[in-house]
Amino acid sequence: MGTARQIVVSVSGLTKAYGATSVLKGVDFSVDRGEVHALLGGNGAGKSTMIRIITGSAAKDAGDIVFHSPSGELRTEAEGRRKIAVVHQELALLPHLTVAENIALPYFANGAALFNRKRAAGQAYDALAMIDREFAATSLQRLIGDLSLHEGQMVEIARALASGAELILLDEPTANLTAQETDRLFTVLRRLTRESGLSVVFVSHRMKEIRQIANVCTIIRDGRTVVDRAATASLTDADIIEKMGQTATAHVSERAAVPTRRALDGEPLIIKENGFRLELRPGTILGVAGAPAGPSTLIATLVGAARSRRWTVSHASWPDSFSSPRQAARLGSGFITGDRSHKGILHSLPIIDNVLASRRVVRGSKVTGVHEQTECLDLMQALKVKAASIWNLPNTLSGGTQQKLLLARWLGLPSRLLVLEEPTRGVDIGTKREIYHLIRQMAASGTVIVWWSTENAELLEVCDRVMAFDTEGRCAGVIENEDLSEDRLAELTGMAA
Ligand SMILES: Nc1ncnc2c1ncn2[C@@H]1O[C@H](COP(=O)(O)OP(=O)(O)OP(=O)(O)O)[C@@H](O)[C@H]1O
Ligand SMILES: [Mg+2]
């Protein structure tokens, strides 16, 4: 690399503590013009905290943050921050405004005199069309509150891409995207970095994506920088995992090691759509793949959230359809929502109530007894949740750690069916493998698992069979374990893997 570096932002000796918890203990991190820089680290390492400090939405305790202009001059923090766009780990859109208004608002907030509806719509269209033309054509006037999680994610990314920022910080932007959308996002990022010198900081726990998009990486661990600006290609997966402080065996696929399990005896669960019938014996792990439209209708029926005219679910001991999610839960149909922030986490209740929520519904109990505290701590230990106290609120935990609270709710609770929407969203690589193992154990005890994921590699690794949906929301087929491959899934879902 003969040429001098063109630094966009450089952070040095950054420290931050929340009360007695020291989160950042002297982090160094710098980003060059035109690069896609992966910021890596296990759950709770401090990635989101550092991003919030760089954008100014959290205060630092000590350390320096220096911004440079494209010509190399120093900028004030305020100037530097005006050139940053961020997609936070949890979506931050205004639900009562339209898609167009949400995308265009930052322009107007940055000094345009009056909100011009027509101009806003034009800007929003251009932004969305970069990643999805059809969505852009049909969604500008929809309210954010009516969008699915995954549509909201697209809007947020489009807003950042269109903001004219010189640096964009993407905190797990792909967690809600399908493989095809992720591909399109990456194409846009590559073009913008090459043509306009955009710099991107990319946080993800998906190794495959990191390799696809990031040329440089920085790894933080326990609040310190352990790898500073290494070429991604110079590190193996095992190196990265080891540097993050996770066991190196964690990345070895368990699939080969796990003997194909025989389905257990017992009444099957039967899923039907006109002309299509699937029998799920106790202990089956059924993957669900494809664009969200199809899977979400099926899942709503399975968990009693909505009745569908298309799908029926039957079991000898169940009514024709559930009257409510509560009834579904009591009859042994468990559910982990993919919308952690809006539907999963109970933000105003302490960690213990979040962990025990399902148990209380299933058992009909309300009081927090001493035995419950032990139960809560055991569940947290099984998932390696570190928290200063079980009485803290969930927003004191990192994103991936909050996800583990949702998993803890159903872990070890005897259920007939457990429906999982993207259960490892935001969970770090080491813990993912442990979760696969824990869910397999639940299957081995007789629970039918239905597992929807946008990460095809994950479905291959954990599922006995996978039901694939095409982009129109129709079931395109069911693939048995021995025939499973990323290519086959890509073919049936109509989406690149
Ligand atoms: N408001 C807060 N109060 C107390 N502690 C906090 C607060 N916000 C974050 N923390 C703590 O700071 C640490 C770092 O959290 P952070 O969200 O930055 O992690 P992360 O690297 O983004 O993890 P993940 O991969 O799970 O998103 C965690 O231990 C978390 O519990
Ligand atoms: Mg985070």
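Mentor: In this predicted model, eleven residue pairs, both members at pLDDT 80 or more, are in polar contact between domain 1 and domain 2. On the side of domain 1 that touches domain 2, helix 6 (149-162), helix 7 (179-196) and helix 8 (207-213) each give two or more residues. That side has seven nonpolar, ten polar and four charged residues.

Trainee: What makes Glu-455 and Arg-206 a salt bridge?

Mentor: The closest N and O atoms of Glu-455 and Arg-206 are 3.7 Å apart. The cut-off is 4 Å between a side-chain nitrogen of Lys or Arg and a carboxyl oxygen of Asp or Glu, so the pair qualifies. The count between domain 1 and domain 2 is five salt bridges.

Trainee: How is the size of the interface between domain 1 and domain 2 expressed?

Mentor: Domain 1 (7-246) and domain 2 (269-493) bury about 1800 Å² between them, with 49% of it on carbon and sulfur atoms. The size of an interface is often given as the accessible area lost when the parts come together.

Trainee: Why does Val-313 count as buried?

Mentor: Its relative accessibility is 8%, and buried means under 20%, therefore Val-313 counts as buried.

Trainee: Where does Val-313 lie, and which residues is Val-313 in contact with, leaving aside its neighbours within four places in sequence?

Mentor: Val-313 belongs to strand 14 (residues 312-314). Apart from those neighbours, its contacts are Leu-269, Ile-270, Thr-301, Leu-302, Trp-318 and Asp-320.

Terms used. Residues are numbered from 1 along each chain as its sequence is written. Chains are lettered from A and ligands numbered from 1 in the order in which they are written. This is a predicted model: local features need pLDDT of at least 70, side-chain atom pairs count only at pLDDT 80 or more; totals for chains, interfaces and linings use all residues. Side-chain values use heavy atoms; hydrogens and water are left out. Domain bounds come from an automatic or database domain assignment. Buried area is the accessible area (1.4 Å probe) that two parts lose on being put together, summed over both. A polar contact is a pair of N or O atoms within 3.5 Å; within protein, one must be able to donate a hydrogen and the other to accept it, and residues adjacent in sequence count only if both atoms are side-chain atoms. Helices (H or I, at least four residues) and strands (E, at least two) are DSSP runs, numbered from the N terminus. Ala, Val, Leu, Ile, Met, Phe, Trp, Tyr, Cys and Pro count as nonpolar, Asp, Glu, Lys and Arg as charged, and the others, Gly among them, as polar. Buried means under 20% relative accessible area, exposed over 50%, partly exposed in between (1.4 Å probe, protein chains only). Contact means heavy atoms within 4.5 Å.
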